[in-house]
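Visitor: I have a structure open on my screen and would like to learn how to read it. Could you walk me through a few features?
Guide: Gladly; let us look at it together.

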Amino acid sequence: MTKVPEPHRRQGPPALHELLAVADEAVDEAVRWLSSAGEEWSATRFKASGEEVTDADVEVEARVTRILQARTPEIPVVGEESATVPDAPLPPCCWLLDPIDGTMNYTRGAPMYAVSLAYAEEGIPLLGLVHAPTLGRRWSTGPAASSSVTEAAGPVDQLRRAVVGVSGTGSGSAHTRRFLSRVQDEAYRLRMQGSMALDLVGVAEGWLDACVCIEPKPWDVAAGVALCRERGYAVLGAEGRAFSFDSPVLVAGDPALALADLWGGG
């Protein structure tokens, strides 16, 4: 009796367009819930790190994670609120989730916060989705994204005409203070929106010429990094090289190299 061969099984994760559909479904669930969550969900408490967190952060992460695990059980979810070791190495492929990026804005009724979800392989974000519920705006990588491309690293004097978003300024290190002082001296204007994800969206969309994220965690910036890179913007780390998640700073936009040089100035 001839044995009928089994159908070929694709190895590895689903294609990016399939993962984007899963990401859309998961974020849709989070946004629906957030739109009806009462004020009691925004009461603030503090993590051991000193960062604010709310029950809404935890609930959004749980809802998004349930859908991701059901649809893509082979891909682990690394979320801000469930990460037991924040600086642990990432799995070879994973979802990176910040349930509410800009929690401080959320707790105060300010609109600049977002659900940020990315898919990464070997530490490289390949897919990103950012949704700002109060603004009613969603940005994602993929075929429908803008295809505008700019020079990856403009000359230093571009910084003098640049509007730069700055986030993660809670770090009190002397080096960080010197760097931010240099940025303020060199840039045309600074903007502090309180959300790394939305600062990176600002670069991708052109509201900001550049942004600086101090001590970013992977879930803070992965989706925004994917968006910026897809649109042709430079995203650099502390050494002026391509940003990686172990870098203490992220700079993105046309004058990114000039910003990286300021960080490296000691």
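Visitor: Let me begin with the strands. Which residue in strand 7 is the bridge partner of Leu129?
Guide: Keep in mind that this is a predicted model. The partner of Leu129 in strand 7 is Ser140. Strand 7 covers residues 137-140 and pairs with strand 6 in the antiparallel sense, over 4 bridges.

Visitor: How many residues lie between strand 6 and strand 7 in their hairpin?
Guide: There are 4 residues between them, and Gly136 in the turn has a positive phi of about 65°.

Visitor: What pairs with strand 5?
Guide: Strand 6 does: strand 5 (residues 114-121) pairs with strand 6 in the antiparallel sense over 7 bridges. To find your place there, look for Val115, whose bridge partner in strand 6 is His131. The hairpin of strand 5 and strand 6 has 2 residues between the strands, and Glu122 takes a positive phi near 50°.

Visitor: Is strand 6 mostly covered or mostly open?
Guide: Here is the general idea to start with: in a regular strand, side chains alternate between the two faces of the sheet. In this case, 7 of the 9 residues of strand 6 (residues 124-132) are buried, so a residue there counts as such with under 20% relative accessible area. Strand 6 is mostly covered.

Visitor: Now the salt bridges. How many are there?
Guide: The count comes to 11. One of them joins Arg63 and Glu29, with the closest N and O atoms 2.6 Å apart. This pair links distant parts of the chain, as Arg63 is in helix 2 (residues 55-71) and Glu29 in helix 1 (residues 16-36), 34 residues apart. Glu29 counts as buried because its relative accessibility is 19%. Arg63 and Glu29 also belong to a network of salt bridges with Arg32 and Glu59.

Visitor: What does Glu52 form a salt bridge with?
Guide: With Arg108, where the closest N and O atoms are 3.3 Å apart. Glu52 sits in strand 2 (residues 52-54), while Arg108 is in the loop between helix 3 and strand 5, 56 residues apart. Glu52 is buried at 15% relative accessibility, whereas Arg108 is exposed at 55%.

Visitor: Last, the largest pocket. Which residues lie nearest its centre?
Guide: Glu51, Glu80, Gly168, Met196 and Asp220, out of 33 lining residues. The pocket holds about 1,000 Å³ of space. By class, its lining has 10 nonpolar, 13 polar and 10 charged residues.

Definitions and conventions: Residues numbered from 1 in each chain as written. Predicted model: local features only at pLDDT ≥ 70, side-chain atom pairs only at ≥ 80, totals over all residues. Heavy atoms only, no water. Buried < 20%, exposed > 50% of the residue type's maximum accessible area, 1.4 Å probe, protein only. Pairing = 2+ DSSP bridges. 1 Å grid on protein atoms, 1.4 Å probe; cavity = no way out; pocket = protein on both sides within 12 Å on 5 of 7 lines; lining within 4 Å. Points joined across faces, edges and corners; volume = space filled by probe spheres on them. Nonpolar A, V, L, I, M, F, W, Y, C, P; charged D, E, K, R; others polar. Salt bridge = Lys/Arg side-chain N within 4 Å of Asp/Glu carboxyl O.
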